[in-house]
Amino acid sequence: MYGLTLLLAIPLGKYIANVFKPESANGPIERFIYRLAGLDSSRDMTWKENLIALLTINAVWLGFAFTLLLIQGSLPLNPDGNPSMTPDLAFNTAISFMVNCDLQHYSGESGLTYLTQLFVVNFLMFTSAATGIASLLLVVRSFLPKAVDTVGNFYVFFVKAITRILLPISFVVALLLAFSGTPASFDGKDSIVTMQGDTVGVSRGPAAGMIAIKHAGTNGGGWFGANSAHPFENPTYFTNVVEMVAQVLLPIAMLFALGFLINRRRFTWVVYSVMTIGMLCLLIPTLVTEFHGNPAIAQLGVIQPTGAMEGKEVRFGPLASAYWSIVTTIISTGSVNSMHDSSMALSGTMELLGMMTNAFYGGCGVGFLNYYYYLIIAVFISGLMVGRTPELFGRKVEAREIKIASIVALLSTLLVKGGTALAAWVYINYPNGAGVASDLVGKPSAWLNNPANHGFTEVLYEFTSANANNGSGFEGLGDNNFFWNYATGIVLILGRFIPIIGPVAIAGLLAQKKYVPESSGTLPTDTATFGLMTFAVILIITALSFFPALALGPLAEYFSLK
Amino acid sequence: MKNHISPAIRLTLILLVILSVVYPIVVAGIATLAAGGGKGETVTVNGKVVGYALIGQKFTEDRYFNSRPSAVDYNATGSAGSNKGPSNPDYLKTVQARIDTFLVHNPGVNKADIPAELVTASGSGLDPDLSPAAAKIQVARIAKNRNISVERLNQLVDEQTQGPLLGLLGPSTVNVLKLNVALDQLK
């Protein structure tokens, strides 16, 4: 499965690089779009102007999505008669899809209408992924040997990411899904009488296209509540392979595309190796622990030769489910084909670590941006260690860049642990939501679906997922209330845009600097030693920041199960 | 900022037409050629729809192959797993109760041989499948209930078993609905 991904990713990377070369022409569709939108595609902008463009259009989407969700109940294309969202849920949902996270505090069957599935969810899945890809392209020029003030045109990168990459890939995936059994028609839910005589409804809808972009764009939000564990959303082992490949494809291909664009293949391979080793470190323990099954159930006398099955589907089995759970957390998809809340404790640890680093491949485009600030810190530290001026590709890394990188790196700790601490405080002090806070927090004593350490992990997971813009969840958490909708909504926005603004700003500042040709005095960044150094930086930042929280949650549960 | 508001709104409108109108309609159009016409493939017995091939349904009676426990009771207008953690004491009590119930309905079965999926809830709550082992462990009960030979039923399970993808990838599965339809048609 992984080999197939790599086999597709390298040529796709080359193709992407060709699409985004400065000299590559716009096709008739792109020219038509620019003309209707009144854009000048030949104008290059500074990093600041590009960021303003990016933030402005995101603000437009947010307003539009929020409004539509608030009034969806009275709009057309609502065959199941689903209601409008409450303001706090609409706030959370609109942000969640705008930032490519797709945390869902509703279930698709009853929480959205076909109109909002298509005009909010499906739409934002394309645009948020394209925003990520465009942001990555804005840092490219800082790698090239020429001092420049302008870093490209966000709109051009953005539009081409949709027309040349996301839409074609999604279209192919959508058809593969549709012909494997995923619904694609606009019919509303059906009602059937089963063989045992029960009358049950069956939700459907034009889901195939949305499920395709959900993976191609590393979005992850499901059409149905159970996401890709739902048999309509992921009907067979074959579609499971398709969806798995589709979600890892672009993150890896973008990395190779970057290598082709900056013409540094060795550097790309070093980065790729660091990311792959990181993935394997998380994957292998997960496969082993899931295959061994739940020790607590073994004590009840059931042998579990097929591994742990709670929250898993028979057609995928524990191995494909374990592989998916790691892939979906290291890249920022967050779709699930098994319920992570029921994963073994060690798997839960690995899933959390995948989201905490968020740079082993990472999301569509933004994965490398996360890696980029680790890279800046690694350059700085190793420069200091050997007593050389820290340089990245012929440009001096100075105090300002380091400050930005450090703030971005530390912010995630603050958001995740701050959020978790706040939730724990509310949980303990207002268990019944008594007094002033009752409207705000619902009934906190009912938030958790599991007691003890596992309950703590549900809270930690939710904030980690929000900060990493991942979107998977320990879904037992009762998160559709005022507290969770607003708390995670705010974490989502900060966790998305700060790690975009930071690296783009660093790259913009670096791009303006004079290029000093690399010499024997330069610390090479394309060696295995430097790769190891970067890996160590990632490990230290993540481990030091998050180990105490992991020890309280999944690690404690792991040792209690032994 | 001001220079960017108008292009942002215009670009949004154009992309809405392409991504939210044209794209899903084209996919829906082509999908009418798929089995089930893009509406989900149904299973019919004597001209009557008895279910969707991909959506699991509740089978609890002794005369049918039973499906897995479900957190949503196989109501397909929703879907969810139990989201119970592996160490949750209440959850382990539930599993224990399922084991006990299974042993009552299937006397003679050795506890250690019960496949884990029969006492754990699936991720979607709508799992349409069982492993061949989970079907075969129920054969003795059904043979007794319906007066059909064990060999014939084992053969039926084998006929209904879907092998791994390309013969090597993934687990073998049996679709419970199709298996029970075939079971009813046995003479």
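How many C-beta neighbours does Ala452(A) have inside 10 Å, and does that count make the residue buried, partly exposed or exposed? The legends below take up this residue first and then turn to other views of the structure, which is a predicted model.

**View 1. Ala452(A) belongs to a helix of chain A.** Ala452(A) has 16 C-beta neighbours inside 10 Å, and it therefore counts as partly exposed, since a buried residue needs 20 or more such neighbours and an exposed one has 12 or fewer. The residue is found in helix α17 of chain A, which covers residues 452-467. The phi angle of Ala452(A) is near 55°, and this is a positive value in a residue that is not glycine.

**View 2. Asn147(B) sits in a loop of chain B.** The loop that holds Asn147(B) lies between helix α4 (139-146) and helix α5 (150-160) of chain B. Asn147(B) has 7 C-beta neighbours inside 10 Å, so it counts as exposed. Its phi angle, near 60°, is likewise positive, although Asn147(B) is a residue other than glycine.

**View 3. Chain B touches chain A through residues on both sides.** In this contact, 83 residues of chain B meet 93 residues of chain A. On the side of chain B that touches chain A, the elements that each give two or more residues are α1 (2-31), β2 (48-52), α2 (89-105) and β3 (129-130) of chain B. Of these, α1(B) gives the most, with 20 residues. Sorted by class, this side of chain B has 42 nonpolar residues, 31 polar residues and ten charged residues.

**View 4. Chain A is built from helices and strands.** The secondary structure of chain A comes to 19 helices and six strands. Its radius of gyration is 23 Å, close to the 24 Å that the globule rule gives for 562 residues, so chain A is as compact as a globular protein of that length. The C-alpha trace of chain A spans about 75 × 55 × 50 Å along its principal axes. Buried residues make up 61% of the 562 residues in the chain. Among the contacts in chain A with a separation of 6 or more, 78% are between residues 24 or more positions apart.

**View 5. Chain B is assigned two domains.** The domain assignment of chain B gives domain 1, which covers residues 1-39, and domain 2, which covers residues 52-185. The centres of domain 1 of chain B and domain 2 of chain B, taken over C-alpha atoms, are separated by 41 Å.

Terms used: Residues numbered from 1 in each chain as written. Chains lettered and ligands numbered in written order. Predicted model: local features only at pLDDT ≥ 70, side-chain atom pairs only at ≥ 80, totals over all residues. Domains from an automatic or database assignment. Helix = DSSP H or I, 4+ residues; strand = E, 2+ residues; numbered from the N terminus. Contact = placed C-beta atoms within 7 Å. Nonpolar A, V, L, I, M, F, W, Y, C, P; charged D, E, K, R; others polar. Rg over C-alpha atoms; globule rule 2.2 N^0.38 Å.
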